[in-house]
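I opened the notebook to record what I looked up here.

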Amino acid sequence: MGLYDNASDVGGTWYWNRYPGALSDTESFCYRFSFDKELLDQGSWQTRYLTQPEILEYLNNVADRFDLRSSYQFNTKIVSTRFDEATGLWHVVTDKGETASAKYLITGLGLLSAINKPTFCGIDDYAGDIYHTGAWPEGVDLSGKRVGIIGTGSTGIQVIIALAPQVKHLTVFQRSAQYVVPIGNWPEDTETIDTYKANYDEIWKQIKSSNVAFGFVESTVAGIDVPEAERECVFEEAWQRGGGFRFMFETFNDVAISDEVNTSAANFIKRKIAKIVKDPEIARKLTPGDIYAKRPLCATDYYGVYNRKNVSLADVKDDPIAEFTTRGIRLASGIEHELDAVIFATGFDAVDGNYTKIDIRGRGGVTIRDKWADGPLGYLGMMEADFPNMFMILGPNGPFTNLPPSLESQVEWISDTIATMEADGRSTIEPTQEAEDAWVETCRTIANMTLFPKAESWIFGANIPGKKNAVMFYLGGLGNYRSELQSVRNSGYESMIFDRQTATTAL
Ligand code: NAP
């Protein structure tokens with residue numbers, strides 16, 4: 001077995017995203033793997049949410065516990081890989097010119113990993129420091145500096161909150177105003193943690209049969225059947241409890257489905273902004289104009305940051321960034337912001353961003369880039385017609401959830417499938433193009449039942465200029481996704497072609 005990683009150690013997302021304030025917004029008890037009960041029993045945590053160093057430490061412990069590190073070749077990129085129809089093997093070439101061959105190719109290239117760093121005129125002449133949150137170097141100290149940040153997604157809001165008290169001045173370059181609810185982070189005592197441990201089986205059963213897998217029971221109440229005043233009370237309770245996914249999915253079951261309920265939720269947050277932000281003009285700029293249907297955001301007192309004297313907000317939808325100068329950023333209006341450092345919190349070329357960087361070739365030399373020219377589309381978020389024995393962890397059209405339980409579901413399914421292949425003496429497995437098309441259609445149908453496609457976000461590829469808008473996720477929930485995986489297995493993999501080479505020869 002050969003394992004390759006471009007990084008110098010394990011950790012993936014949590015290796016690269018070391019930016020100030022980095023935190024998971026999944027609660028600590030379920031931002032971990034469920035497959036090892038002992039690991040959970042031994043573990044502990046301080047607060048309701050885990051910080052980046054804590055998660056990285058956890059992942060390092062997992063790697064040590066299962067002695068994974070010794071199988072890895074770090075600091076190594078895969079530049080190309082192709083399926084050889086004659087031998088049924090995948091041949092892999094690294095950036096060091098090394099080659100390797102294997103029957104199975106498993107990719108874990110990351111859902112949110114290939115960074116999106118927009119280019120701006122004059123950026124090379126800028127004399128200050130530039131950072132991207134997704135490739136944050138060790139030992140950066142921005143205390144006392146004039147810092148600019150571009151981007152106000154999940155990442156940007158965390159950086160803004162963390163840096164505002166440290167820096168001399170923070171200028172936020174906001175293109176889209178965001179709906180942000182409180183995260184509700186607080187110390188978690190031993191008793192609470194012990195209760196989670198004692199209820200391990202029930203908790204994980206619930207998570208794996210739920211939709212978003214965030215460790216709470218999703219609401220079954222339709223907001224549309226509830227009077228506006230009552231909705232308001234439910235939103236207020238959720239606001240106090242904290243959690244972005246809780247606010248969207250624990251309140252009512254149609255916040256992301258019904259225009260009317262979505263508007264109620266959006267208006268509730270808008271009123272909070274107006275109350276929290278003292279300067280009405282800043283509050284206006286912070287108030288979103290679109291629907292509430294991006295990946296839900298949460299943080300501690302995000303809007304309150306804008307009451308600080310050392311924080312200013314540049315609305316770059318209204319007054320776009322024209323260029324970088326040697327001293328900072330100049331807007332179209334001519335206003336120049338002098339900055340010692342600029343942080344790009346501009347997100348990722350999600351889902352396929354790392355796949356299309358590698359020359360991946362399946363049957364007949366077809367490349368993944370060509371196959372995904374109209375957007376990445378896959379079968380069950382793991383497989384691709386004409387790419388036999390290739391399994392993608394978090395590939396296109398997989399579930400949109402808290403990620404560890406989805407990762408585990410996929411890894412279990414891949415392991416079972418490979419075990420079946422080996423037990424049955426099979427040489428290759430791949431989905432039929434019909435099965436893949438049907439799965440993509442299922443994903444499209446479900447997505448269109450929600451409001452998510454109506455908001456511009458990375459979920460549908462809208463954040464990357466020129467990227468085709470595509471339904472890249474299965475929004476049917478983890479429970480239903482796991483049932484789909486089970487039924488493929490129970491049917492004897494009837495949506496798959498085994499040993500296609502042999503079948504073709506026999507014809
Ligand atoms: P993101 O959600 O894509 O946000 C990127 C931000 O950069 C947006 O505000 C975007 O504005 C802005 N932007 C992009 N290009 C720009 C340009 N040329 N000029 C000005 N602004 C520009 O990326 P992210 O914040 O890194 O988050 C990505 C995902 O990672 C999240 O949705 C979440 O799933 C995950 N994540 C999770 C956590 C957590 O658990 N708390 C933390 C960080 C990230 P527009 O909105 O106008 O495009």
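How are H6 and H14 oriented to each other, parallel or perpendicular? I kept in mind that this is a predicted model.

**Entry: H6 and H14.** I looked up the axes of helix H6 (residues 200-209) and helix H14 (residues 478-490). They come within 5 Å and cross at roughly 80°. Angles of 65 to 115 degrees count as roughly perpendicular. H6 and H14 are therefore roughly perpendicular to each other. Next I listed the contact residues. H6 brings Ile207, Lys208 and Ser209, and H14 brings Leu478, Gly479 and Arg482. By class, I noted 2 nonpolar, 2 polar and 2 charged residues in the contact of H6 with H14.

**Entry: H12 and H14.** I then turned to helix H12 (residues 403-423). H12 packs with H14 at an angle of about 0°, and the axes are 11 Å apart. Angles under 35 degrees count as roughly parallel. H12 and H14 are therefore roughly parallel to each other. On the H12 side I found Pro405, Ser406, Ser409, Gln410, Glu412, Trp413 and Asp416. They meet Leu478, Tyr481, Arg482, Leu485, Val488 and Arg489 in H14. The contact of H12 with H14 has 6 nonpolar, 3 polar and 4 charged residues.

**Entry: the ligand.** Which residues come nearest to the ligand? I got Thr152, Thr155, Arg175, Ser176 and Trp458, out of 24 residues around the ligand. That shell divides into 9 nonpolar, 11 polar and 4 charged residues.

I checked polar atoms next. A backbone N or O atom of Leu23 lies 3.1 Å from a ligand nitrogen atom. A polar backbone atom of Asp25 is 3.0 Å from an oxygen atom of the ligand. For Arg295, a side-chain N or O atom is 3.0 Å from a ligand oxygen atom.

How much of the ligand's area does the protein bury? Taken alone, the ligand exposes 900 Å², and the protein buries 86% of that. Last, I looked up which elements give two or more residues to the shell around the ligand. They are strand E2 (23-27) and helix H4 (154-163).

Notes:
Residues are numbered from 1 along each chain as its sequence is written. This is a predicted model: local features need pLDDT of at least 70, side-chain atom pairs count only at pLDDT 80 or more; totals for chains, interfaces and linings use all residues. Side-chain values use heavy atoms; hydrogens and water are left out. Axes are lines fitted to C-alpha atoms, for helices over the stretch in contact, and angles run from 0 to 180 degrees between N-to-C directions. Helices (H or I, at least four residues) and strands (E, at least two) are DSSP runs, numbered from the N terminus. Angles under 35 degrees count as roughly parallel, over 145 as roughly antiparallel, 65 to 115 as roughly perpendicular and the rest as oblique. Contact means heavy atoms within 4.5 Å. Ala, Val, Leu, Ile, Met, Phe, Trp, Tyr, Cys and Pro count as nonpolar, Asp, Glu, Lys and Arg as charged, and the others, Gly among them, as polar. A residue is near a molecule or strand if one of its heavy atoms lies within 4 Å of it. A polar contact is a pair of N or O atoms within 3.5 Å; within protein, one must be able to donate a hydrogen and the other to accept it, and residues adjacent in sequence count only if both atoms are side-chain atoms. Accessible areas come from the Shrake-Rupley method with a 1.4 Å probe; for residues, only the protein chains shown count as cover.
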